[in-house]
Amino acid sequence: MIAIIKYNGGNVSSVQNALNRLGAESIITDDFELIKNADKVIFPGVGEASSTMKTLKEKGLDQLIPTLKQPVLGICLGMQLMCKNNEEGSTVGMGIFDINVKKFPAENIIPHMGWNTISDFKSTIYSEIKEESDVYFVHSFYCELSENTTSVCDYILPFSASLQKGNFYAMQFHPEKSRKIGSQLLQNFLKL
């Protein structure tokens with residue numbers, strides 16, 4: 001069973017639909033016991049960082065998520081909230097990744113929206129994925145490059161397209177909207 005964390009961040013239904021297409025059973029929940037006992041946990045997100053973090057704190061999910069031992073996948077805002085600090089709303093994140101989240105400089109169109117190339121894979125989650133693959137992004141803030149970076153995208157500047165630290169995986173792009181590549185990435189996560 002895969003637990004998809006329920007909070008005020010959007011995109012949970014799209015993630016569940018993608019899992020359904022892969023034949024994976026999932027539940028959208030904020031129940032601590034269901035989350036702790038799930039085989040895998042997905043922490044998706046579309047929204048604004050400070051208000052979303054406020055909701056996570058009200059539900060105690062900000063304390064639960066960093067303690068999880070099974071594979072956890074943060075997507076988009078979920079990835080950013082797993083980091084240390086976020087310039088959006090001066091938000092303090094969960095600190096799973098010791099990384100700052102910054103706003104893109106206004107040198108190109110923001111948000112970064114649409115298909116872009118990822119490369120420099122450094123995780124088994126990318127097995128059977130070709131370097132220089134295209135995935136779907138929608139974001140105005142980016143995670144800095146770090147020792148936890150497992151793929152890189154270059155839009156205005158190079159940034160972390162994905163991260164990994166122990167059992168915590170995260171993707172700035174949306175695997176659930178990234179067609180065949182995204183389906184393979186989700187399948188790889190399910191196999192962990």
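Two strands are said to pair if DSSP finds at least two bridges between them. Helices (H or I, at least four residues) and strands (E, at least two) are themselves DSSP runs, numbered from the N terminus. What you're looking at is a predicted model, where local features need pLDDT of at least 70, side-chain atom pairs count only at pLDDT 80 or more, and totals for chains, interfaces and linings use all residues. Residues are numbered from 1 along each chain as its sequence is written, and side-chain values use heavy atoms, with hydrogens and water left out.

Let's start with the sheet S6-S5-S7-S10. Its four strands form an open sheet in that order, with mixed pairing. S6 and strand S10 (141-143) are the edge strands, each pairing on one side only. Look at S5 and S6: they run antiparallel and are joined by two bridges. Here Asn85 stands opposite Val92 in S6. As background, strands of a sheet pair through backbone hydrogen bonds, either parallel or antiparallel.

Now for the other sheet. Nine strands make up an open sheet, in the order S2-S1-S3-S4-S13-S12-S11-S8-S9, and its pairing is mixed too. Strand S2 (26-29) and strand S9 (133-139) sit at the edges with a single partner strand each, so one side of each has no neighbour in the sheet. On average, neighbouring strands here are turned by 30 degrees against each other, direction ignored. (Axes are lines fitted to C-alpha atoms, for helices over the stretch in contact, and angles run from 0 to 180 degrees between N-to-C directions.)

You can trace some of the pairings yourself. Strand S4 (residues 72-75) and strand S13 (residues 168-171) run parallel and share four bridges. Find Leu73, and its bridge partner in S13 is Tyr169. Helix H6 (residues 179-191) packs on this sheet and touches several strands, including strand S1 (2-5), strand S3 (40-43) and S13; the direction of H6 makes about 140 degrees with that of S3. Contact here means heavy atoms within 4.5 Å.

Further along, S8 and S9 pair in the antiparallel sense over seven bridges, and Gly114 stands opposite Phe137 in S9. S8 also pairs with strand S11 (residues 149-155), again in the antiparallel sense, over two bridges. There, Ile118 has Cys153 in S11 as its bridge partner. With a relative accessible area of 14%, Ser119 is buried (buried means under 20% relative accessible area, exposed over 50%, partly exposed in between, using a 1.4 Å probe and protein chains only). In the loop between S8 and S9 you'll find Ile129, which counts as buried at 10% relative accessibility. Leaving aside neighbours within four places in sequence, Ile129 is in contact with Phe121, Ile181, Gln184, Leu185 and Asn188.

Next, zoom in on two glutamates. Glu88 is in the loop between strand S5 (83-86) and strand S6 (91-92). A salt bridge is a side-chain nitrogen of Lys or Arg within 4 Å of a carboxyl oxygen of Asp or Glu. Still, a polar atom of the Glu88 side chain lies 3.2 Å from the backbone nitrogen of Ala49.

Glu48 is one of the residues that Glu88 touches. Glu48 lies in the loop between S3 and helix H3 (49-59) and counts as partly exposed at 28% relative accessibility. The side chain of Glu48 reaches the backbone nitrogen of Ser51 at 2.8 Å.

Finally, the structure holds five salt bridges. One of them joins Glu33 to Lys36, with the closest N and O atoms 3.3 Å apart. Both residues lie in helix H2 (residues 32-37), three residues apart, about one turn of the helix. In helix H3, Glu58 and Lys54 are four residues apart, also about one turn, and they form a salt bridge at 3.4 Å between the closest N and O atoms. Lys84 forms another with Asp98, the closest N and O atoms being 3.1 Å apart. That pair links distant parts of the chain, with Lys84 in strand S5 and Asp98 in strand S7 (residues 97-103), 14 residues apart.

Key. Polar contact = N/O pair within 3.5 Å; in protein donor to acceptor, adjacent residues only side chain to side chain.
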